[in-house]
Amino acid sequence: MTDERETFSHDPLGHATVRSGMTVADLAEEYAHAGIGATALHEAVEVTTAMFDDDVTLFFSLAGAMVPAGMRRIVSDLIRDGYVDVLVTTGANLTHDAIEAIGGKHHHGQAHVEGKTEREHDETLRDEGVDRIYNVYLPQEYFATFESHLREEVFPVLEAECEADGPVSIQRLTEELGRANAEVNERDDVEEDPGIAAAAYESDVPIYCPAVQDSVFGLQAWMYSQTTAFSLDALADMTPLTDRAFEADEAGAFLVGGGVPKNFTLQTMLVTPRAYDYAVQLTMDPKATGGLSGASLDEARSWGKLEKDAQNVSVYADATITLPLVVAAARERLENGDD
């Protein structure tokens with residue numbers, strides 16, 4: 001009977017074991033014995049390990065509330081340690097990254113408060129000047145500090161460049177933000193790490209932010225442009241970004257969340273004669289809606305964004321849980337020579 005089954009092969013599941021003293025890479029190996037999401041996470045570690053190789057140009061896409069959720073240092077360390085060649089992210093993540101760099105802090109909060117409806121809870125936070133991101137709180141005064149940071153440390157430099165040469169690129173804006181974050185962080189002896197934009201600036205890693213207008217960062221840039229020569233060229237980043245894709249011998253896409261950063265990263269390959277050789281996606285969005293954020297990477301293959309023989313995997317789970325696991329296991333394997 002077994003020999004007549006076309007797609008079945010004898011490959012019985014094992015059972016994951018855990019023990020005291022295990023490393024993250026050890027745990028990831030145990031996931032390989034199991035099924036469903038565990039299998040996907042183990043495969044994600046395998047593919048991530050492959051595309052963290054020095055010969056692979058890595059495009060890292062960061063969407064969602066990953067900075068306010070506490071994932072900031074993971075990304076900045078990857079950049080500083082040479083694993084990331086290009087970062088594509090949101091204006092919101094850059095806003096929250098800068099707030100931490102210049103001395104602000106996000107705080108543990110509550111999604112619900114006993115005895116109050118969610119609406120009543122949020123009305124109270126509104127009255128108290130506190131913004132909520134699920135169970136993370138951010139006092140609104142930090143946005144005023146961020147605005148001052150932009151107007152004093154970032155925009156004037158770019159305004160002068162615009163007066164001399166015309167509108168600057170969004171990547172040039174993010175570069176200047178990284179420089180200013182790093183300088184203020186050191187000057188003011190801020191306890192927190194200078195962050196993602198600073199790491200990218202110091203490591204010569206370009207940051208592309210295709211929907212910068214959709215953020216407090218973008219709002220402040222627009223407001224500043226109303227009374228000064230400062231202006232952005234939204235198309236200027238396309239050439240250097242596609243040049244990186246053209247020049248890559250092998251390319252990998254590490255996608256945290258979906259949205260604009262995901263598509264901007266993947267579509268880059270549509271104007272090159274090749275596609276991504278590796279891709280990992282960490283998302284909670286389902287495939288069934290037909291939306292971009294949950295779309296499988298196999299679907300991206302049909303568009304020519306991934307090579308037909310690309311190694312790819314999508315992990316459908318909370319990225320604040322999966323990102324640290326996948327990155328830690330892949331880094332451990334590489335740095336211990338276990339790849």
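Where in the structure is the place of aspartate 277? Aspartate 277 sits in strand β10, which spans residues 276–283. Let's build up to it from the whole chain.

## Before we start

This is a predicted model, so local features need pLDDT of at least 70 and side-chain atom pairs count only at pLDDT 80 or more, while totals for chains, interfaces and linings use all residues. Residues are numbered from 1 along each chain as its sequence is written, and side-chain values use heavy atoms, with hydrogens and water left out.

## The whole chain

The protein chain has 13 helices and 11 strands. Here, helices (H or I, at least four residues) and strands (E, at least two) are DSSP runs, numbered from the N terminus. Along the principal axes, the C-alpha atoms fill a box of roughly 80 × 60 × 40 Å.

Of the 339 residues, 48% count as buried. Buried means under 20% relative accessible area, exposed over 50%, and partly exposed in between (1.4 Å probe, protein chains only). Among contacts with a separation of 6 or more, 74% come from residues 24 or more positions apart; a contact means heavy atoms within 4.5 Å.

## One side of helix α10

Helix α10 covers residues 238–247, and its residues Leu241, Thr242 and Ala245 are buried. These three cover an arc of only 90° around the axis, which puts them on the same side of α10. The arc is that of the directions from the helix axis to the C-beta atoms. What do the buried residues of α10 pack against? Their partners are β1 (56–62), β2 (86–89), β7 (207–208) and α11 (259–267).

Is aspartate 277 buried or exposed? Aspartate 277 counts as buried because its relative accessibility is 17%. Leaving out residues up to four places away in sequence, aspartate 277 touches Asp249, Glu250, Ala251, Glu307, Ala310 and Gln311. Aspartate 277 and threonine 57 are 220 residues apart in sequence, yet 9.9 Å apart in space, C-alpha to C-alpha.

Histidine 149 belongs to helix α6 (residues 141–165). With a relative accessible area of 4%, histidine 149 is buried too. Setting aside neighbours within four places in sequence, histidine 149 is in contact with Ile102, Val154, Leu177, Ala180, Asn181 and Val184.

## Exposed residues in loops

Most residues other than glycine have a negative phi. Isoleucine 36 has a positive phi, near 55°. Isoleucine 36 is found in the loop between α1 (24–31) and α2 (37–51), and counts as exposed at 85% relative accessibility. Aspartate 204 also has a positive phi, near 60°. Its place is in the loop between α8 (196–202) and β7, and aspartate 204 is exposed, with a relative accessible area of 66%.

Aspartate 54 lies in the loop between α2 and β1. With a relative accessible area of 74%, aspartate 54 is exposed. Aspartate 54 and aspartate 85 are 31 residues apart in sequence and 10.0 Å apart in space, C-alpha to C-alpha.
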